[in-house]
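Let's take a walk through this structure together. Have the sequence at hand as you read.

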There are 2 protein chains.
Amino acid sequence: MINLDYKDKRPIYEQIIDKMKELMVMGVIPENAQLPSVRSLAVELSINPNTIQRAYAELERQGYIYSVKGKGNFAADNERLRDLKVDEIKERLIEILDSAKKIGMSDDDIMNVVKNRR
Amino acid sequence: MINLDYKDKRPIYEQIIDKMKELMVMGVIPENAQLPSVRSLAVELSINPNTIQRAYAELERQGYIYSVKGKGNFAADNERLRDLKVDEIKERLIEILDSAKKIGMSDDDIMNVVKNRR
DNA sequence: CTGCTGTATTAGTATAGTTAATACAGCCGG
DNA sequence: CCGGCTGTATTAACTATACTAATACAGCAG
């Protein structure tokens, strides 16, 4: 379900966070479905349970999942998931637009990248 | 010339790299002008000269500056600087467009963010 | 020659990521 | 009710990276 990339310099827990977000937003993990337990995922990935817990705690903080003690961690509603992810992307996009504006890249320059890519 | 942000979790040398790029691309440091020396900038920022050197080494590796032993570090040509920076921004932009595509954000969604922001 | 420049090396410190071990509490099926 | 699953918390230790520190060497210019 998840593949870690040890060449990546980003922390493992961040990789897990991003991958889980993707799996949920893509619908691979349906809304309100149970995520792998902290311990089982730790075994599967051959890493420490604490690292998984850290990732899950952050996912809950951001609203992507909800935790029920004694039962497990569950994906939020579809609508919620999508809204959160769209907002994230918009934020990143705006950051870049600011950088572009700063060095005087024209709207056309930006639009062309968008159009040619899609 | 440069302000460090110790609240920022990014390494100091990265902040210096970005700030220097900006100063050069914006023309605050004109093409072929000499950058502050490793030692003087270290004193000015109250950090270790090694950290400056690391930033400068990376800037040279990326083509933003060129170093002359015994003389100093100098900004690359304007055209070069701009091309490098534009490529950087395009790359980041493409990454985001991929993320957006992955979750099925429409072209219009993207375009609207671009238009409303500028 | 003196004083600036860049460059390199080696060692030490501090912090963040990660592991490890353990404990406690809630849910559920037999 | 009990055993085994779940999440959550705590404390200690290890490791890698960022950063500091001290020092040395080499080139350029007045």
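What follows looks at the surroundings of a DNA strand and then at one lysine.

This is a predicted model, in which local features need pLDDT of at least 70, side-chain atom pairs count only at pLDDT 80 or more, and totals for chains, interfaces and linings use all residues. Residues are numbered from 1 along each chain as its sequence is written, chains are lettered from A in the order in which they are written, and side-chain values use heavy atoms, with hydrogens and water left out.

Start at DNA strand D, which has 24 residues around it, each with a heavy atom within 4 Å of the strand. Those that come nearest are A:Arg39, B:Ile12, B:Tyr13, B:Asn50 and B:Thr51.

Now look at single atoms. At B:Gly70, a backbone N or O atom is 3.2 Å from a base nitrogen of DNA strand D.

Helix H3 of chain B gives the most to the surface near DNA strand D, with three residues.

Finally, turn to B:Lys85 in helix H4 (residues 78-102) of chain B; helices here are DSSP runs (H or I) of at least four residues, numbered from the N terminus. Is B:Lys85 buried or exposed? B:Lys85 counts as buried because its relative accessible area is 13%, where buried means under 20% and exposed over 50%, partly exposed in between (1.4 Å probe, protein chains only). Beyond its neighbours within four places in sequence, B:Lys85 is in contact (heavy atoms within 4.5 Å) with A:Ile103, B:Lys21, B:Val25 and B:Tyr64.

Key. Polar contact = N/O pair within 3.5 Å; in protein donor to acceptor, adjacent residues only side chain to side chain. Helix = DSSP H or I, 4+ residues; strand = E, 2+ residues; numbered from the N terminus.
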